[in-house]
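Subject: Structure handover

Hello,

Here is the structure for your files. My notes on it follow below.

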Amino acid sequence: MSSSSAASGISPIADAAPLSLCAREPYVPADRLVAEMVPPPRFDSVRFATYIPDPNQPSQTEAVGVLEAFAAGLGGAHSAGTAKRGFLGFGKGKAAKAPAGPRGVYLDGGYGVGKTHLLASLWHATPAEPALKAFGTFVELTNLVGALGFQKTVQTLSGHRLLCIDEFELDDPGDTVLVSTLLGKLVDAGVALAATSNTLPGKLGEGRFASVDFLREIQGLSAHFRSLRIDGDDYRHRGLPQAPAPFSDEQVTKAAYATPGASLDDFPHLLAHLAKVHPSRYGALTDDLKAVCLTDVRPIPDQSTALRLVVLADRLYDREVPVLASGLPFDQLFSEEMLNGGYRKKYFRAISRLTALARDAEDLVKTA
């Protein structure tokens, strides 16, 4: 019996007990980190044709056209002239002249306007083998550098046609400098770039706030990026009800036992376990999960714990894993101090994504 069911006094209602995230400590080799730099399962099938622009937001239609042209322009030889250069751009011979104009695009917009959909569509539309295209979040890119080392990461990605970076984070100066330096090396090698980040909460409607921040932080790389503003409302809340109220411990436990491939964990215990697993392994932590069931959801006690939960929320959202919970609703996870602090962008994103996954989980209770 799981610790959650034992604590609530509920007897098992199925032969097979649920899985437990707290029992998992995955090992992830570096080569898997590279191989998994593709759009997450949620965005496997997205294409420009499946993006439905809001007719009231002409910037969305414009962005699709610009990105389609950008993808088409990435066909043919590597922009650094692979036919005239040695391995990874080194060796004798004069490199071919790179195409004129920006070799990068930056998608600037608020939460839930479809930036990741467009970024993944760009990856799919770029005429190159999957092994020559990379897609990952800012955090996944920094984790890759940590696993491979800076020079090896440069060598590994320099032969790529395109690198897409989702959720570029501007709140950690050290990581921003690291990634900006990496991107500079890749631009020199002829890699095209595409990136997104979110406008900070409270700054929506103030024009290109995120764009200005992004271009300032990447400093010498700004000339390589064309900024595309994408206006609109958060589609995850467009015409949808408010976040569902949490269920009872008994309902969550019953659903966990009734759902093959579901996990069941006590929320405070899960937070403690996340401190023992490197965030680069959180994707592997969720391998083969069909649902995550959590009891006793309560406010996050400190910033370090909160940031780890943000990474887990991203991985669950990428993989479309429903999250069923008891305790407090997800919009009460983070304190007012956190929501008003330097990492507020991440916390609002986590609330938005966990709320979407909580809606997805409602049917688990109905069918249990």
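Is N56 buried or exposed? N56 is exposed, at a relative accessible area of 64% (buried is under 20%, exposed over 50% and partly exposed in between, with a 1.4 Å probe and protein chains only). Before the rest, two notes on the source. This is a predicted model, in which local features need pLDDT of at least 70 and side-chain atom pairs count only at pLDDT 80 or more, while totals for chains, interfaces and linings use all residues. Residues are numbered from 1 along each chain as its sequence is written, and side-chain values use heavy atoms, with hydrogens and water left out.

N56 sits in the loop between α2 (30-35) and α3 (58-72); helices (H or I, at least four residues) and strands (E, at least two) are DSSP runs, numbered from the N terminus.

Helix pair

α3 packs with helix α4 (residues 115-125) at an angle of about 30 degrees, the axes being 9 Å apart (axes are lines fitted to C-alpha atoms, for helices over the stretch in contact, and angles run from 0 to 180 degrees between N-to-C directions). That makes α3 roughly parallel to α4, the term for angles under 35 degrees. On the α3 side the contact is made by A63, V64, L67, F70 and A71, and on the α4 side by L118, L122 and A125; contact means heavy atoms within 4.5 Å.

Sheet β6-β7-β8

Three strands form an open sheet in the order β6-β7-β8, with parallel pairing (two strands pair if DSSP finds at least two bridges between them). β6 (262-266) and β8 (323-327) are at the edges with a single partner strand each, so one side of each has no neighbour in the sheet. Neighbouring strands here are turned by 15 degrees against each other on average, direction ignored. Helix α9 (residues 249-258) packs on the sheet and touches β6, β7 and β8, its direction making about 160 degrees with that of β7. β7 (residues 291-297) pairs with β8 in the parallel sense over four bridges, and C293 stands opposite L324 in β8.

Strands β2 and β3

Strand β2 (residues 133-137) pairs with β3 in the parallel sense over five bridges. G136 stands opposite I165 in β3. Strand β3 (residues 162-166) is mostly covered, with five of its five residues buried. L162, C164 and D166 point one way from β3, and L163 and I165 point the other way.

Regards

Terms used: Angles under 35 degrees count as roughly parallel, over 145 as roughly antiparallel, 65 to 115 as roughly perpendicular and the rest as oblique.
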